[in-house]
Every structure is written in structure tokens, then in C-alpha cells.
Amino acid sequence: MVAEVMAELAALEDPKARAVNEKHGDDHGVNLGKLRAIAKRLKTQHDLARELWATGDTAARLLALLICRPKAFERAELDTMLREARAPKVHDWLVNYVVKKSPHAEDLRLAWLADADPVVASAGWALTTDRVAKRPEGLDLGKLLEVIEAEMKDAPDRLQWAMNHCLAQIGISHPEHRDRAIGIGERLEVLKDYPTPPNCTSPYAPVWITEIVRRQEGTAATPA
């Protein structure tokens, strides 16, 4: 079965798609819409997912994350998978589609936050951002802001991006911390000059926070 799926993925390889993906650090050339169509056809097959992951192929690993059973993974297995997931898209899907649904999510969040590997730590921050938005009870938001203010400016790119997302989410979801979050963003100026396409919100935290809050409150100005 693995050989058949790998052959199908190989047949979908598109040099143009690979060129685009490689700009983002993802070494595969399979259109994600077509990948999702394969996953829909295969449905949940956890054993096959494990075998696909073991190939080390990026497209196969993305497919594995779509057909696995998130709650079936042991904590140590998820930790190993994250450390193996160096392609950004694999890392992102693993955290968002699998780890967030796992009973080990909180334990891993705390362990990864403290990890010396900045890519692993970025996963801890991604899980923290999810809690800031959905289950903030028990989080020390003030302490999180202290850490962000002290460490985000000089953090490696992927860790910096994850910390910045957490900063923005605190400002968006928690009005009592909004001014402080915006102030930290203004002082650090992280991603202030990030090229943002038209009709997209800047990842610069003060702009991001202000824009999302404006939308949520329905205070959009009437165009002249």
C-alpha cells in the first residue's frame, strides 16, 4: 500500500509547485489540494500514516498527518516526530492537525517552550497561542508578555514568528493586556517592514491587533 501511495505522489510532482514550495523551505512539489483529495479517499488509516511518515518524504509526511488518528500517538512519538519535522509545512500541520488534538498537548507545550532548539520551542509557542485564544485559564499572560519582550527581538526567524503570533493573540483576545501588547510591538518593531500583499493584514503586532479588534467590534470606517 505504501508503494502505491508513494507512486501516486510521485506522479503528482510538479516542478513549478516545487519551486514555489522550496522558497518557503518545503521540499515537495505536490499540489496541496490534490494531496487533500488523496487523504479524503484514503480516510483514516493510522498504520499507513505511520509507514508514510517513516519514509521521510515531505509529501508523504503531509499525507500521513491528514490520515492519522491524532489521539493514537504516544507523547514520546509526537516529540520525536516534531524533532524530525524540519520542513515548515510538516511542522505546522503536525502541531495544528495532530498535537493540538492529542491528550499530551499541554505536557508537550510546556516541554517544548523550554527546549533549547528554537524550532522545537516555536511549537511550544504555537500551542501557547492556541491556549491564549481558546483556554487561557491558568496561563500567566503577564509573564508571557515579559518573556516576549525580553527574547523576541533576537529570536531566530521561526521562533520569533511564533512569539509574535502569541503577542498579537494576547492583544486581540485579552483587552486588559492590549495596550501593553501593542506597546511591546511598537518598541521591538518585529516584522514592522514585512512585505504584506494587498488585502492581507500585516504581521506587525500593533497593526495586526488593531485591525482584528476593529473587525471584531464592527467599527470599520465607511469608505469615502
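Which residues in helix 11 meet which residues in helix 12? In this predicted model, Leu167, Gly171 and Ile172 are the residues of helix 11 that meet Arg178, Ala181, Ile184 and Gly185 of helix 12. The points below begin with this pair of helices and then turn to the nonpolar cores.

**Helix 11 and helix 12**

- The residues that form the contact of helix 11 with helix 12 divide into 4 nonpolar, 2 polar and 1 charged.
- Helix 11 spans residues 157–173 and helix 12 spans residues 178–188, and their axes come within 8 Å of each other while crossing at roughly 150°.
- Because angles over 145 degrees count as roughly antiparallel, this crossing makes helix 11 roughly antiparallel to helix 12.
- The crossing of helix 11 and helix 12 is left-handed.

**The largest nonpolar core**

- The largest nonpolar core holds 37 residues, of which Leu52, Leu63 and Leu94 touch the most other members.
- Two or more residues of this core are given by each of several helices, including helix 1 (2–11), helix 3 (32–42), helix 4 (46–54), helix 5 (58–67) and helix 9 (118–134).
- Helix 5 provides the largest share of this core, with 7 residues.
- When neighbours within four places in sequence are left aside, Leu63 is in contact with Val5, Leu9, Leu35, Ile38, Ala39, Leu42 and Leu52.

**A separate core**

Definitions and conventions. Residues are numbered from 1 along each chain as its sequence is written. This is a predicted model: local features need pLDDT of at least 70, side-chain atom pairs count only at pLDDT 80 or more; totals for chains, interfaces and linings use all residues. Side-chain values use heavy atoms; hydrogens and water are left out. A nonpolar core is a set of buried Ala, Val, Leu, Ile, Met, Phe, Trp, Tyr and Cys residues joined through side-chain atoms within 4.5 Å. Buried means under 20% relative accessible area, exposed over 50%, partly exposed in between (1.4 Å probe, protein chains only). Helices (H or I, at least four residues) and strands (E, at least two) are DSSP runs, numbered from the N terminus. Contact means heavy atoms within 4.5 Å. Axes are lines fitted to C-alpha atoms, for helices over the stretch in contact, and angles run from 0 to 180 degrees between N-to-C directions. Angles under 35 degrees count as roughly parallel, over 145 as roughly antiparallel, 65 to 115 as roughly perpendicular and the rest as oblique. A crossing is left-handed if the near helix is turned anticlockwise from the far one by less than a right angle, and right-handed if clockwise. Ala, Val, Leu, Ile, Met, Phe, Trp, Tyr, Cys and Pro count as nonpolar, Asp, Glu, Lys and Arg as charged, and the others, Gly among them, as polar.
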